[in-house]
Amino acid sequence: MPAEDLDRLQAYRDSHCWEKQTWKAASEIEFLNTKTPSRCHPELATPSTSVDINTSGLQQHQKPPFRFETGLSLYAKRAPRPFPPPFLSPPSGSFSDPLSTHHRSRDRRAFVNGELIRGYTNGDDAVYASDYFIGANDGVGAWSTRPGGHAGLWSRLILHFWAVETEHEIYRPRSSDQTFEPNPVEYLQKAYEQTIEATSKPNSWQGTTTAAGAQLHFTKHDGDSNAPATPLLYVTNLGDSQILVLRPRDSEVVYKTTEQWHWFDCPRQLGTNSPDTPQNNAVMDKVEIEENDVVLAMSDGVIDNLWEHEIIENVVNSIRKWEEGQGGVSTGDRHAGSGGGMQFVAEELMKAAKVIATDPFAESPFMEHAVEEGLAMEGGKLDDISVVAALCRRSKG
């Protein structure tokens with residue numbers, strides 16, 4: 001690593017890589033608050049959303065043959081900080097404000113470049129779910145102690161711009177002889193650069209975040225255009241959030257991302273003072289999956305509190321309960337977790353991680369790793385817990 005990169009790395013090590021040590025403070029438990037998307041984020045009341053792009057110019061054969069059915073569940077260790085101006089319109093200051101701006105005082109939705117910011121904020125985490133792309137970013141919370149620091153803004157903006165770039169490419173009109181090969185690292189690089197620009201002026205907002213996303217595409221074997229399509233997942237990761245692919249019928253993991261660390265409890269991250277960039281450090285894998293496979297995008301609040309076998313067991317049991325009629329009202333066939341079952345899957349997994357996170361005497365993966373590093377620690381890791389669950393389904397039509 002060049003000397004200047006080492007200097008930058010040491011700078012952010014000294015400034016904020018200690019943020020995850022806050023699990024030591026038992027007093028933080030009183031700030032814990034279970035959150036559902038509709039209650040905490042009224043501007044995004046439905047768990048599964050599609051990109052708002054006019055697709056009327058697309059030919060029927062260009063419609064992706066597979067899609068996600070999604071659900072998400074969020075739990076923050078403390079209430080998220082409001083987004084600062086210009087991303088959030090401030091309330092009216094007095095009755096002398098022009099009446100034409102009165103509506104802005106009640107609009108709590110966040111915007112960037114005149115566009116509604118996509119996704120959800122959960123503490124310092126950010127998540128996003130659509131028909132073809134899901135993601136989970138984990139902002140480094142120590143930035144909240146610094147002037148101009150806002151990790152939640154960074155995690156959300158990068159995920160927003162990443163989703164925009166991804167889905168604009170999916171829906172871009174193409175002729176029948178054109179092929180489409182996703183490039184998620186390029187999309188993430190653009191998102192990173194756009195976030196730097198958006199947070200640089202008129203004010204300077206600092207922060208860093210991990211990034212993990214999964215884009216659903218397809219392939220046809222042997223290059224035969226007449227062969228049946230099979231789902232192909234493009235998984236991109238930088239840091240210690242995780243994408244995990246499950247095959248519930250076999251109770252097995254098909255794929256999971258590998259955590260990227262500079263050192264223990266300091267993952268690779270994008271943002272202020274960090275030497276990491278998507279082009280240089282993000283890892284992208286292509287994963288062949290099947291219909292009814294479940295794709296999970298999770299912040300480390302899940303994987304630091306639950307072992308892999310516990311995640312598998314929880315998801316499989318949740319799908320079984322859903323098929324038996326438990327877990328809420330279905331919007332259709334309940335087979336394999338369809339018809340709304342992914343929301344139930346996400347909620348059950350979040351609850352299981354929360355139980356360990358708030359138990360000072362529990363055994364947890366994070367505790368085990370800390371002990372291996374020679375640190376005295378026991379119990380779960382108090383952290384933001386974010387889960388996006390997506391079921392691979394064949395598109396209709």
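These notebook entries record what I looked up in a predicted model.

**Entry 1: conventions.** I treated the structure as a predicted model, in which local features need pLDDT of at least 70, side-chain atom pairs count only at pLDDT 80 or more, and totals for chains, interfaces and linings use all residues. I numbered residues from 1 along each chain as its sequence is written, and side-chain values use heavy atoms, with hydrogens and water left out. Helices (H or I, at least four residues) and strands (E, at least two) are DSSP runs numbered from the N terminus.

**Entry 2: helix α4.** The 15 residues of α4 should span 21 Å, and the end C-alpha atoms are 21 Å apart, so the two agree. I then listed the buried residues of α4, which include Pro-184, Tyr-187, Leu-188, Ala-191, Tyr-192, Thr-195 and Ala-198. Here buried means under 20% relative accessible area, exposed over 50%, and partly exposed in between (1.4 Å probe, protein chains only). An α-helix has 3.6 residues a turn, so residues three or four places apart point the same way.

**Entry 3: Ser-130.** I located Ser-130 in the loop between β6 (125-129) and β7 (133-138). Ser-130 counts as buried because its relative accessibility is 1%. Its side chain joins that of Glu-167 in a polar contact of 2.3 Å. A polar contact is a pair of N or O atoms within 3.5 Å; within protein, one must be able to donate a hydrogen and the other to accept it, and residues adjacent in sequence count only if both atoms are side-chain atoms.

**Entry 4: Lys-381.** I found Lys-381 in the loop between α9 (365-372) and β18 (385-394). With a relative accessible area of 0%, Lys-381 is buried. Its side chain makes a polar contact of 3.3 Å with the side chain of Asp-300. Pro-360 lies 21 residues from Lys-381 in sequence, and their C-alpha atoms are 8.5 Å apart.

**Entry 5: backbone angles.** I noted a cis peptide bond from Pro-85 to Pro-86, with omega near 5 degrees. Pro-86 belongs to the loop between β2 (66-76) and β3 (111-112). Ser-251, a residue other than glycine, has a positive phi near 50 degrees. Ser-251 is in the loop between β11 (242-247) and β12 (252-256), and at 41% relative accessibility it counts as partly exposed. Ala-336 also has a positive phi, near 65 degrees. I placed Ala-336 in the loop between α7 (308-323) and α8 (341-357), where Ala-336 counts as buried at 10% relative accessibility.

Key
Expected span 1.5 Å × (residues − 1).
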